[in-house]
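Please read the points below with the coordinates open.

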Amino acid sequence: MVELEAVPEKNEKLIEELRRHEENLNKEKVKAEVERDKVVASIQQETQVLQDQKEALETKLLSRQKVTSELKDRFDVAQSALDIYLSTEQNEKSKLETMQANLENSTRTLQEREEYLKKLQKEIPELTKQFQEAQTELQKVQVEEAKQSDALRQVRSKVEENRISMQATRSQGRVLDFIMNQKQSGAIEGIMGRLGDLGAIDAKYDVAVSTACGPLDNIVVDTVETAQACIRALKDHDVGRATFIALEKQEYLRPQTESRINTPENVPRLFDLIKVQDNSVKTAFYYGLRDTLVANDLTQATRIAYGSRRYRVVTLEGQLIETSGTMSGGGRTKLQGRMGNKIAGPSVSPQEQEKMERDCENLEAVVIKLRQRQSTLEEQVQQINSSLPQMQMRLKKGSMEIQLLKNQLPVLKDQLKQQQQKLEKAKPDPKETKKLEETRDAAQKEYSEAEEEKKTVEREVKKIHNKIMEKTKGRVAACQKVVDDINAKLGKTRKECTSLSVAIKTATRNHKICQDKIKNLEIEIEESVKKLMDLKEQKETFEQEGNKLLTEMDDLADVIVQKETEKLELKEKQPDISGNKTNLRSKKLEKEQKLEACLKQINDHQNSIINYKKKIKELKIHEVPGKPLVELKTYTLEEITAVEMDRLQYEVSVKEQNLSEKAPNLAVLAEYKEKTDLFIQRTNELEDVTLHRNKARQFLEEVRQQRLSEFLDGYSIITHKLKEMYQMLTLGGDAELELVDSLDPFSEGIVFSVRPPKKSWKNISNLSGGEKTLSSLALVFALHYYKPSPLFVMDEIDAALDFKNVSIVGNYIKDRTKNAQFIIISLRSNMFELADHLIGIFKTWDCTKSVTINPKAYGKNSRPVTSQLLYFVIKYVYYRIRYGRKNRLVEL
């Protein structure tokens, strides 16, 4: 673009220089032309004699050229006559060579097809056998894989139960561990275990039983002496305190445990929902629960508890109403996990647990190996199932091609013999050939002599021309060269001027065109990219269609060869057909005379034939299922003559009588055909639906694999960040997420285990309120790291935390506000003193009010805001609203 803009100014300067140069050249040209005319006048007088001789020789040369041309034509005619005479033999010989090549190609193709056919006949049975073996093995592998998978699930479930049991035993504290060790060692007999471990209840009632049954953590023993022995052991070893339930003291409750009670609204009694293995411990559960009822919600519980008879009622959410009328429970913190949904089995040693885990790993390896083998066999069966029909189709096609080639070879051999005979007949007469060759040689000799004489005259003309040029010694040429050089320079100068002028206009036009083209090209590039993608798709489609067309071309090539063979046969028969044509013409005249006589008789019979045809058209043959459709037979004259009319009439009468007696319903046949067509249509629809179903299954499997991959990636990141967050919040603790089923993580879920500082591993349901808060916050921050959220709302997350943990959580949240916004409801001073904005919500005289505090405003002109300053501000607010019942600060 810059160069085009500079072209006009530059070219105008060059044009001015070229015009000045052109004026100088015109002056030089005039001088050179005058000098040339003087030289030409002086040379013309000196070479006049040689010019006359040269003209005479040129006249002679013209006559010799005419004679030579006539002799050349005579030679060409003789050569053409000889070639035409010999062309018949050459044509027949080329046909013979073509037929030999076709025969060799057909023979070679037949051998190749037969070898390929033998190979297919050998491979197809082997492939069929492999297909059957693969199918049989696949069925066995599928059965074995299902069996091993069931065994793996059972073993994994048992291992998980034992692991949870061992973790629960480890997390129950020193006192219970000590008591259970006394039981296992045999030091104290009669210890049953922790009450919550001796029974099981559905997970639906976990919160209810954990809230309503306070003694679940008590230890059950058989007698009072056993309880006293346990207490002495605890004192002697200074382990701690424990509460014991002696079963012998609870036997008076046995009748209540074995009887049922009528409950309002048929709600269940909580005691009846507990399952036990040992009926002797039922009295201990009844001791802890009595006739406590379970309600769905607080409304139902209130209705039952405060009815005509008072009941102790607990809701599924943990809200408890005592018989005295007091209500407790509910809120954000719920008691749960104190009783499992399965009865805790006998304790398992670490060695047995390790052995079971090894067995589980071995089963997992076996299942993985079986699934891999199943996938391999499915691919093998699918591959064989797709290639076997193709091989069978190629076998049929090859058999047809071989049969066609075998039929074609005898025809080609016969044609080759006939062509050899034609070649023998087409050989030319040697005498005639010799005569034509002599004529051609004579004409060639005369032409050669005339050509030599012509060349002699040309040499003489050239010799005289050289003499003329020696006398002139290049004087005219030198002058003419000067003039020509000046003319050339003038032409070049004018051309350059014109080119520069055109270049100025062109540059201006091109500059504008280029700007338009740049815009158009940018648009075209975008369109070309889209078209390129479309063309790629079209290319793939054309390649597929091209492959089909190539296959069809191969088939058509074979057909063409066959048709060419038939064409040659027809050409050979053409002379005989021409001879027969004359004979047929003479016979035609005779037949036409006879035809005129026959036409008269035909006209007489045509009227009767028309009537019979109408009757025949009225006849209709019904298609009977399972039987071929028989068309009405047209009898010849001989067959009609041989028929006995009396017998035929008798048969017709008998059949008409049978038809009238049976009275068949022919409409059933049309209905059957309609149902058959409907069945075929439904079958095709079923195949289409099955195909779509298989595609949907394949797509579902791909989505499942993608979901599993993305889930495992996120799970790995969150697990790593959870461990880091928990260690940071607890200053030394540990936490982890564990998949219950590593092969299918979506079926069994995830276990969240936590190890607080200086404590053992515990399930999150068995932690204290503060530990649950820290664990939950660590998980929330880990999820925020994996998928950040711009806004968090947290309601009194520090309620169960001590001063130290509140400071840790508050400072961490303060640091996270760089890329997120936190709204926190809190009553802890060391939490809200870190806030950017404070809003106090309170209620006075049944009216809700609020106070907004900006901590930064207090420290702008004086000292920074401290917890003491905030304390005085809040105290001031308190005195203002002392008649209110609530005072809460919301941290923004």
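The numbered points start with the basis of the model and go on to local detail.

1. Basis. This is a predicted model, in which local features need pLDDT of at least 70 and side-chain atom pairs count only at pLDDT 80 or more, while totals for chains, interfaces and linings use all residues. Residues are numbered from 1 along each chain as its sequence is written, and side-chain values use heavy atoms, with hydrogens and water left out.

2. The chain overall. The protein chain holds 20 helices and 17 strands; these are DSSP runs numbered from the N terminus, with helices being H or I of at least four residues and strands E of at least two. Of its 892 residues, 27% are buried. Buried means under 20% relative accessible area, exposed over 50%, and partly exposed in between, with a 1.4 Å probe and protein chains only. Among contacts between residues at least 6 apart in sequence, 72% join residues at least 24 apart; contact means heavy atoms within 4.5 Å.

3. The sheet with S1, S3 and S4. Three strands form an open sheet in the order S1-S3-S4, with mixed pairing; two strands pair if DSSP finds at least two bridges between them. Strand S1 (191–194) and strand S4 (244–246) are at the edges with a single partner strand each, so one side of each has no neighbour in the sheet. From one strand to the next the twist averages 20 degrees. Strand S3 (residues 219–221) and S4 run parallel and are joined by three bridges. Valine 221 is opposite alanine 246 in S4.

4. Helix H3 on that sheet. Helix H3 (residues 174–185) packs on the sheet and touches S1, S3 and S4, its direction making about 150 degrees with that of S1. Axes here are lines fitted to C-alpha atoms, for helices over the stretch in contact, and angles run from 0 to 180 degrees between N-to-C directions.

5. Helix H5. The 14 residues of helix H5 (residues 224–237) reach 20 Å from first C-alpha to last, close to the 20 Å expected at 1.5 Å a residue; the expected span is 1.5 Å times one less than the number of residues. Thr226, Ala227, Cys230, Ala233 and Leu234 of H5 are buried. Down the axis of H5, the buried residues fall within an arc of 120 degrees, so they line one face of the helix; the arc is that of the directions from the helix axis to the C-beta atoms. An α-helix has 3.6 residues a turn, so residues three or four places apart point the same way. Glu225, Lys235 and Asp236, on the other side of H5, are exposed. The cover over the buried residues of H5 includes H3, S1, S3 and S4. Aspartate 238 follows H5 and has a positive phi, near 50 degrees.

6. Valine 457 sits in helix H10 (residues 430–472) and is buried, at a relative accessible area of 5%. In sequence valine 457 and arginine 64 are 393 residues apart, yet C-alpha to C-alpha they are 8.6 Å apart in space.

7. The sheet with S10, S11 and S12. This is an open sheet of three strands in the order S10-S11-S12, with antiparallel pairing. Strand S10 (734–739) and strand S12 (762–763) are its edges, each with a single partner strand, so one side of each is left without a neighbour in the sheet. S10 and strand S11 (residues 750–755) run antiparallel and are joined by six bridges. Glutamate 736 is opposite serine 753 in S11. H14 lies across S10 and S11, at about 160 degrees to S10.

8. H14 against H17. The axes of helix H14 (residues 667–730) and helix H17 (residues 803–816) come within 9 Å and cross at roughly 130 degrees. This makes H14 oblique to H17; angles under 35 degrees count as roughly parallel, over 145 as roughly antiparallel, 65 to 115 as roughly perpendicular and the rest as oblique. Met725, Met728 and Leu729 of H14 meet Asn805, Ile808, Val809 and Tyr812 of H17 in the contact.

9. Burial in H17. Asn805, Val806, Ile808, Val809, Gly810, Tyr812 and Ile813 of H17 are buried. Their cover includes H14, helix H16 (769–786), strand S13 (791–795), strand S14 (821–826) and helix H18 (829–832).
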